[in-house]
Amino acid sequence: MFEIFGRKVEPGQKVFDYCHVGYLAGNTECRIGYGVFNGVKEGPVLTLISALHGWEPMGTEIIRRTFLDVDPKDLSGTVVVIPIANPFSMEFGGTAESSGLQINPADSLNLNRVFPGRGGSGWLTEQLAHLYTEEISRVSDVVLDYHDGTSSNNMIPLVTFLAYEPELGYQADLAARTETLAKAMGAQVGRRIEGDAPDSGNISAALGIRGVPTMMLSVAGLGQVDENVDEGIRCTKNLMKAMGILEGEVDRPEYQLYCSGPQHKVLLTTAGGFFYPAPGATLGAWVQQGQEIGVILDPLTSEVRETLRAPFKGILGMFRGKMVTNPGGMVGHLANLEDYYWSLGTLPGSEDSSLV
Ligand SMILES: [Zn+2]
């Protein structure tokens, strides 16, 4: 018998339910929807949590679609899903309909910065973090936390994972176990983060110090159901296969490129204005060092305020789809094709580099 949030689930059973968290000042209830797919056979427990940031709802959709054709009778182990972990941040704020916020509008806190949270008299966001830290670490062997490119960018799969250095207090074998899973997920781009302390406030660090390998999958965006959602499903099922929960071979992409530190770069604008991508700069494409990837134009005069260029030869694993751009807006992510620490398959642009 599996039990989470006080609810018992029999082997072979699938349930959807809600966990009551509390009430706001006007008696609006805060409750969290969750699902449990409890396999008939014994096995590990995987928890999938999404929309810690409500302006990133694509993980919610990836989880929903992943389990449309999963029968718990075929599973060896258990999958817990928490598809909308920060409901008010999806529901309120934003600029058009429910385009959401990064923070929780109930207390203006960023849920993925307050882990492990605070029970009892904590702010609502801290109470949510406390609930997740306690319940998820109690039941889970592995956790996957979904993010996406928000309404400004789209993404091919990027798995981010902490190096879990023992000198920071993490278990000695945690880094190796996490990295093995992160590679088996089959994301095209990976990013290993070093030096992340257990008190840094994100869910990966808070669960890591409790011995639970936790990875972040960032994929899709623009609130758009496209092939990147399918890619997110592929990576999710790969993780279930790598853990032995789902039968079958891991489904690898054409290439995988995993970076660490400055080998992976977030590209930001300096100027505000309207963004237009350059020819050849598209999501998933590889670009040469110095290649123009887009411009920021003055929307009145058409003057070019900023020309954005690739700082190195790399893959645009994230790319902007939104025209109106604020100063400091995200134009994309670039993974270095000449300086990385692990790869598999045929990297794009590799024929070209062999000529150099
Ligand atoms: Zn996020």
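Arg305 touches Ala271, Gly273, Ile296, Leu297 and Asp298, leaving aside residues up to four places away in sequence, where contact requires C-beta atoms, placed from the backbone, to lie within 7 Å. The model is predicted, so that local features need pLDDT of at least 70 and side-chain atom pairs count only at pLDDT 80 or more, while totals for chains, interfaces and linings use all residues. Residues are numbered from 1 along each chain as its sequence is written.

Arg305 belongs to strand β17 (residues 304–309); helices (H or I, at least four residues) and strands (E, at least two) are DSSP runs numbered from the N terminus. Arg305 is partly exposed, because 18 other C-beta atoms lie within 10 Å; a residue counts as buried with 20 or more such atoms within 10 Å of its own C-beta atom, placed from the backbone, as exposed with 12 or fewer, and as partly exposed in between. The C-alpha atoms of Arg305 and Val295, which are 10 residues apart along the chain, are separated by 7.5 Å.

In helix α3, the buried residues are Thr125, Glu126, Gln127, Leu128, Ala129, Leu131, Tyr132, Thr133 and Ile136, and their cover includes β3 (14–23), β5 (41–50), β7 (142–147) and α5 (203–208).

The domain assignment of the protein chain, with bounds from an automatic or database source, gives domain 1 (2–253) and domain 2 (262–339 + 347–354). The contact between them takes 12 residues from domain 1 and 15 residues from domain 2, and on the side of domain 1 that touches domain 2 the largest share, three residues, comes from β8.

Technical notes
Two residues are in contact if their C-beta atoms, placed from the backbone, lie within 7 Å.
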